[in-house]
Amino acid sequence: MEIIRNYIATLDSKKRLTLRKTDIKYYEVKKYDNGCIVLEPRKLEPISSVSLETLQMLDNSAANYKRGIVSEAINLDDLD
């Protein structure tokens, strides 16, 4: 990979970091225990790209949850 821009960024008084001259609006931020922070560009999909069937399924699932129609809890302790 080639470095195309290199600068030092600082946090402002509200602890925000500003990225200069970027054409990407959304980033996934990963902070590691060694202090490294990785920003990966993300593209959010417009709601129009989600199918009508999927949206209806989400609405039905939310309605069922509100009515208490849910499955039993899943024990995830064995997945460690």
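Biologist: Which residues line the largest pocket?

Modeller: In this predicted model, the largest pocket has a volume of about 300 Å³. By class, its lining has 8 nonpolar, 1 polar and 2 charged residues. The lining residues are Arg5, Tyr7, Ala9, Leu17, Leu19, Arg20, Thr22, Tyr27, Ile37, Leu39 and Pro41.

Biologist: Which strand gives the largest share of the lining of the largest pocket?

Modeller: The lining includes Ile37, Leu39 and Pro41, and the strand in question spans residues 37-42. With 3 residues, the largest share of the lining comes from strand E2.

Biologist: Which residues make the nonpolar surface patch of about 530 Å²?

Modeller: Leucines are among the members of this patch, including Leu17, Leu19 and Leu39, and these three are also named in the lining of the largest pocket. Ile37 likewise belongs both to the patch and to the pocket lining. The patch as a whole is made by Leu11, Leu17, Leu19, Val29, Ile37 and Leu39.

Biologist: Is Leu19 buried, partly exposed or exposed?

Modeller: Leu19 is found in the segment before strand E1, which covers residues 26-31. Its relative accessible area is 31%, and a residue counts as buried under 20% and as exposed over 50%.

Biologist: What is the phi of Lys15, and is Lys15 buried or exposed?

Modeller: Lys15 lies in the segment before E1, and its phi is positive although it is not a glycine. At 68% relative accessibility, Lys15 is over the 50% limit and so counts as exposed. The phi of exposed Lys15 is about 60 degrees.

Biologist: What is the relative accessible area of Lys21, another residue with a positive phi?

Modeller: Lys21 also lies in the segment before E1, and its phi is near 50 degrees, a positive value in a residue other than glycine. Lys21 is exposed, a class that requires over 50%. The relative accessible area of Lys21 is 73%.

Notes
Residues numbered from 1 in each chain as written. Predicted model: local features only at pLDDT ≥ 70, side-chain atom pairs only at ≥ 80, totals over all residues. Heavy atoms only, no water. Patch = residues over 30% accessible without salt bridge, like charges linked within 9 Å, V, L, I, M, F, W, Y side chains within 5 Å. Areas by Shrake-Rupley, 256 points an atom, 1.4 Å probe, with all protein chains shown as cover. Salt bridge = Lys/Arg side-chain N within 4 Å of Asp/Glu carboxyl O. Helix = DSSP H or I, 4+ residues; strand = E, 2+ residues; numbered from the N terminus. Buried < 20%, exposed > 50% of the residue type's maximum accessible area, 1.4 Å probe, protein only. 1 Å grid on protein atoms, 1.4 Å probe; cavity = no way out; pocket = protein on both sides within 12 Å on 5 of 7 lines; lining within 4 Å. Points joined across faces, edges and corners; volume = space filled by probe spheres on them. Nonpolar A, V, L, I, M, F, W, Y, C, P; charged D, E, K, R; others polar.
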